[in-house]
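Keep the sequence and the 3D view open while reading.

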Amino acid sequence: MSSKYYITTTLPYINSDPHVGFAAELIKADVIARWQRLLGKEVIFNTGTDEHGLKIYRKAKDLNINVLDYCNKASEKFAELKDSLNISYDRFIRTTDENHIKAAQEFWKRCEKNGDIYKKNYKVKYCVGCELEKTESELVDGKCPWHPNQELDIIDEENYFFRFSKYQDKLLKLYEENPEFVKPKHRLQEIKSFVKSGINDFSISRLKEKMPWGVPVPGDESQVMYVWFDALVNYISTLDWPNEEGDFRDFWPGLQVAGKDNLRQQSAMWQAMLMSAGIENSKKVLVFGFLTSEGQKISKSLGNNINPIEYSQKYGEDALRYYLLEQIPTYGDGDFSVSNFELLYNSHLANELGNLASRLSNLIAKEDFDPNIKKDSDQEFNENIKELMDKYELQFALHAIWQKIRQTNEYLTKEAPWKIEDKIKKQKVLEFSLQSLYDACLKLQVFIPSTCEKILKHFEARPIEKIEPLFPKIKNK
RNA sequence: CGCGGGGUAGAGCAGUUGGCAGCUCGCCAGGCCCAUAACCUGGAGGUCGCAGGUUCAAAUCCUGCCCCCGCAACCA
């Protein structure tokens, strides 16, 4: 087992504000990264921003500002997001970084050398509404059936293409040989059937005169890379590739996490690109679900987006982390609702965890003794959590930890140390309770780090005093 | 027949290889009084979308049907 561990999120596209769905992805990746560090591994945890392409170019033009200035500002918002969620990242890569641009170009050259990049004149009818090519058979009265009010654009330009089709069999082989390559299983099924149904070469460049905001294609002044091609390379450029001696050698391949909209890009396109460049495939791809807000799709036009930064400022980042990890199935879709958030905050964080710390610290403070606490005393508990975490079942692991917190409340009520006369006996009960809370927090710290740090520090200090409320209750008038 | 997900107690969800239907919240009743009016115990509440089939046994497998939702169109 290697002592190095690499994990990366996808890079969010910066043409709009941070989405709570991406916040969830960041948090899940953070839990995994923290867990691996807890196991003693040396971890590189990468995230960053994806900054090229037409939409960003247009957006900056609309705002009438320099494109790079726009990117600097927008990227800053995502940097702020990760900080406000207490994300333990090691790298924050921007696709406008110099070393990334060089890496993308080198990557291109490798694919080209392998005969997988070719130029093709392609003339298609293109629906801007769909951002998709349209064939004659798809059209109704010469118009896109979904956007009958829009005129179709005629695209007629020479672009470079990537020989995706060449990798169909190799991809299928990759999936066959690694049944755990994509998690959960049904996503592997989905990508398999997509690849099996036949994949087409995709365009990987744009005419510079129409759209200059991209990485220059090596050896062709007139073209820039299509945003997806350069963006995907970040997963290795952040490891300083094409330098193959340093972090890349030690940390690649790694674990990739992504939203379900990214299934094809991460588990098919990028994997084919790696094969073409002669680089080992990713270790695994975890695919997460989507979030709704109050049961409805989150969209700008509905104006129901949740600002994760606002929530973490108002209730503390651990409250938001807890909600997204506890309430949302790790690999499924979930819903964010304010009433549910408040409910979970009060009943779990304030009443169960917060109150347990309060009552226990108070009981011990009154006793004035020095409990003897060991690390990881509960073998069965440790193994149970480890097993779940090894399978990346974050939600189930969190539930199992919470069971321990509940059991500790139960134990305290049952033993009622405040009634026990015998000092030794009383202190034994308190010591055991504290040990349970301590064990739970050692694992819980990967989920809600700053709260657990407070708890652990408080109970490691001597003498133990009564603790301040960790989660003040939310009162509804 | 585009691809994918789902329909399980009032709400939100678990249910791995088929084996007495579970969890959180809410509700009702009790206990406790160390604690953030917190904690603990017990209870009520379900024809597991509908209809067939396989089986000693199906929420779980098979067939058909109905209904939601996501992607494909700003948005992870």
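## A buried leucine

A residue counts as buried when its relative accessible area is under 20%. In this predicted model, Leu172 has a relative accessible area of 16%, so Leu172 is buried. Leu172 sits in helix H5, which covers residues 168-177.

Leaving aside neighbours within four places in sequence, the contacts of Leu172 are Lys192, Val195 and Lys196. The C-alpha atom of Leu172 is 9.3 Å from that of Ser193, although these two residues are 21 residues apart along the chain.

## Confidence and overall build

The average pLDDT of chain A is 89, and 92% of the residues score at least 70. The scores for the model are ipTM 0.91 and pTM 0.92. Where pLDDT is low, the predicted coordinates should not be read in detail.

Chain A has 477 residues, of which 55% count as buried. The chain contains 17 helices and 15 strands. Its C-alpha trace spans about 90 × 50 × 40 Å along the principal axes. Of the contacts in chain A between residues at least 6 apart in sequence, 76% join residues at least 24 apart.

## Two pairs of crossing helices

Helix H2 (residues 54-62) packs against helix H3 (residues 67-84) at an angle of about 105°, and the axes are 9 Å apart. H2 and H3 are therefore roughly perpendicular to each other, since angles of 65 to 115 degrees fall in that class. On the H2 side the contact is made by Ile56, Tyr57, Lys59 and Ala60, and on the H3 side by Val67, Tyr70 and Cys71. Six of the residues in this contact of H2 with H3 are nonpolar, none is polar and one is charged.

Helix H12 (residues 317-326) and helix H13 (residues 338-367) have axes that come within 10 Å and cross at roughly 100°. This angle makes H12 roughly perpendicular to H13. From H12, the residues Ala319, Leu320, Tyr322, Tyr323 and Glu326 meet Asn340, Phe341, Leu344, Tyr345, His348 and Leu349 of H13. The contact of H12 with H13 has eight nonpolar residues, two polar and one charged.

## Cysteines without a bond

How many disulfides does the structure hold? The number is zero. A disulfide needs two cysteine sulfur atoms within 2.5 Å. The cysteine sulfur closest to that of Cys441 belongs to Cys452 and is 4.2 Å away, so it is too far for a bond. Cys441 is buried, at 0% relative accessibility, and Cys452 is also buried, with a relative accessible area of 0%.

## Backbone details in loops

The model has a cis peptide bond from Trp241 to Pro242, with omega near 10°. Pro242 is in the loop between helix H8 (234-237) and helix H9 (247-251). Another cis peptide bond runs from Trp252 to Pro253, with omega near 5°. Pro253 is in the loop between H9 and strand S11 (255-259).

Glu294 is not a glycine, yet its phi is positive, at about 50°. Glu294 is found in the loop between strand S13 (291-293) and strand S14 (296-297). Ala416, also not a glycine, has a positive phi of about 45°. The loop that holds Ala416 lies between helix H15 (394-415) and helix H16 (423-444).

Conventions:
Residues are numbered from 1 along each chain as its sequence is written. Chains are lettered from A and ligands numbered from 1 in the order in which they are written. This is a predicted model: local features need pLDDT of at least 70, side-chain atom pairs count only at pLDDT 80 or more; totals for chains, interfaces and linings use all residues. Side-chain values use heavy atoms; hydrogens and water are left out. Buried means under 20% relative accessible area, exposed over 50%, partly exposed in between (1.4 Å probe, protein chains only). Axes are lines fitted to C-alpha atoms, for helices over the stretch in contact, and angles run from 0 to 180 degrees between N-to-C directions. Helices (H or I, at least four residues) and strands (E, at least two) are DSSP runs, numbered from the N terminus. Angles under 35 degrees count as roughly parallel, over 145 as roughly antiparallel, 65 to 115 as roughly perpendicular and the rest as oblique. Contact means heavy atoms within 4.5 Å. Ala, Val, Leu, Ile, Met, Phe, Trp, Tyr, Cys and Pro count as nonpolar, Asp, Glu, Lys and Arg as charged, and the others, Gly among them, as polar. pLDDT is the predictor's confidence in each residue, from 0 to 100.
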